Amino acid sequence: MAAADTRTAPRTYGNWRRPTTAGLMGLGSLGTAILMGGLIFTVLLVMVSGLVAGIISGLLLGGVLLVLLVKDRHDRSLLTRLGTRLGWANTRSAGAHLYRSGPLGRTPWGTHQLPGLAAPSRLSEHTDSYGRRFALIYVPFTGHYTIVLGSDPDGSALVDSAQIDQWVAGWGQWLANLSEEPGLEAAQVTVETAPDSGSRLRREIAANTDPDAPELARAMLEEAAATYPRGSSAVRAYIALTFRAAGPDGKRRTPEEVGRDLAARLPALTAGLAGTGAGAARPMPAQQLCEVVRTAYDPAAAQLIDQAHATDEPVEMDWSDIGPAAAEATWDTYRHDSGLSVSWEMTVAPRGTVHSSVLTRLLAPHRDIARKRVALLYRPLDPARAAAIVEADLRNAEFRTSSTAKPSARDVVSMRQAKATASEEATGAALVNFGMVVTATVTDPARLPEATAAVDNLAASARLRLRRVYGAQDAAFAAALPLGLVLPRHLRVPADINQHL
């Protein structure tokens, strides 16, 4: 009797798309309005002032359309790139790219405060209903509260594909449930790889070594403790959940009120991560969060912190003293204390379908990168807004396809994807906006070219299109940290306006 073949094809994932707006000549709705208004104004000017004035108006209109239509491979228009250059020139002229803190710094309060977007943040600590201490970050400028969960991912080594599919499904369900969380603004997952000092291994061996063990066994353990940490890496994952300060009544709540509210909701949020492969998720206390941020700005401090934990010495840090003593942002790098970092942003998600292992190499440790952080930024949308977005996106896709007699293949595929997205949302699927920030840090500036080349190669293997965050390296560095910063809330020009141009 022949055995039945139970093998199935590998599961694939895809259909990511960026919502578009209807317009002519590749313009958005706002750009099309500028085009039509400019044409009407030019015609009226010709009727009133003559042909010469109309030609001048037409040339000006053409120049405006040129800066909107000329785009690079990252879909950034000439206007956007020009705005980035002007913003960087303004930053340099104001000296905002330099940071000096501490008693000899430029700040009058004499502490090592966090720089940039995280400067106004405040930290408090509370206790959830399970008796676990958790840190609560408050950003007054945006009115956001953030809690950070720490986890040790299980990894996919020696794991069946069926189990991996269940983890992916569980992660998708956990993200979908976030859209129903009251007051949730954004979520962030940061996977950090860093050198392992070996302090924990030496401490574990010393605590469990039998004094009556054979000499050969003790020698082998001592050799393992001395040689194994060389070249090894530690992988840690952090999940930051950002909530709005405004309560159901619209009034801004205090940290104590938010802490009481989240204390009752944290057990359910951490329990939901058990089926996603994230391991045992737990809220991070204030001291542990301070250590994570401190070592990010000063990688040399990681060795001292690990040694202190290995000898059971208390490590006391305050939120106002975990920032760098000195930092300097250049056009394409960020220098901070003992580290030099470069950050990238994702501009195009993988096209087509991918397997669950598409990000494996990007998330894994790399020998050319001392410390690496990959931050996945999520913004779940509530069901009412999601329905409006997918329906508008479907209408815009149909307009682009029907506005020409011979639509392009991309327009046809875009309409097909928009229909699939609308159908999935109508049957109960959640809609989530997502992005990615990748930060590579080296302690030796001479190793920076190897690190940047490694990230470029890893992005290609992950089928991602990454772009250096030119002119905003300090902001991108802070965005990759598990602080829950919502970048669109810090923009001078709202993101919706750029999308409609």
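## Where to start

In which helix is Gly 272 found? Gly 272 belongs to helix H7, residues 255–272; helices here are DSSP runs of H or I with at least four residues, strands are runs of E with at least two, and both are numbered from the N terminus. Gly 272 is partly exposed because its relative accessibility is 31% (buried is under 20% relative accessible area, exposed over 50%, partly exposed in between, with a 1.4 Å probe and protein chains only).

A word on the model: it is predicted, local features need pLDDT of at least 70, side-chain atom pairs count only at pLDDT 80 or more, and totals for chains, interfaces and linings use all residues. Residues are numbered from 1 along each chain as its sequence is written, and side-chain values use heavy atoms, leaving out hydrogens and water.

Helix H11 runs over residues 383–402, and its 20 residues reach 29 Å from the first C-alpha to the last, close to the expected 28 Å (the expected span is 1.5 Å times one less than the number of residues). Its buried residues are Ala 386, Val 390, Asp 393, Leu 394, Asn 396, Ala 397 and Thr 401. They lie on the same side of H11 because they cover an arc of only 170° around the axis, taken from the directions from the helix axis to the C-beta atoms.

An α-helix has 3.6 residues a turn, so residues three or four places apart point the same way. The buried residues of H11 pack against helix H12 (409–426), with contact meaning heavy atoms within 4.5 Å. On the other side of H11, Ala 384, Arg 395 and Ser 402 are exposed.

## Aromatic contacts

The structure holds 8 aromatic pairs (ring centres of Phe, Tyr and the six-membered ring of Trp within 6.5 Å; planes under 30 degrees apart are stacked, over 60 edge-to-face, the rest tilted). Tyr 334 and Phe 477 make a tilted pair, 5.3 Å centre to centre with 55° between the planes. This pair links distant parts of the chain, 143 residues apart: Tyr 334 is in strand S9 (residues 334–336) and Phe 477 in helix H14 (residues 473–480). Tyr 334 is buried at a relative accessible area of 4%, and Phe 477 is buried at 0%.

Trp 88, Trp 331 and Tyr 470 form one aromatic cluster. Trp 331 also has the charged end of Arg 85 over its ring, 4.1 Å from the centre (NZ of Lys or CZ of Arg within 6 Å of the ring centre and within 35 degrees of the ring normal).

## A buried threonine

Thr 193 is in strand S5 (residues 184–195), and counts as buried because its relative accessibility is 4%. Leaving aside residues up to four places away in sequence, Thr 193 touches Ala 234, Val 235, Leu 363, Ala 364, Pro 365, Ala 370, Arg 371 and Lys 372.

## Positive phi values

Helix H3 is followed by Gly 95, whose phi is positive, near 75°.

Asp 337 is in the loop between S9 and strand S10 (339–348) and is partly exposed, at 23% relative accessible area. Arg 463 is in the loop between helix H13 (448–461) and strand S13 (465–468), and is partly exposed at 40%.
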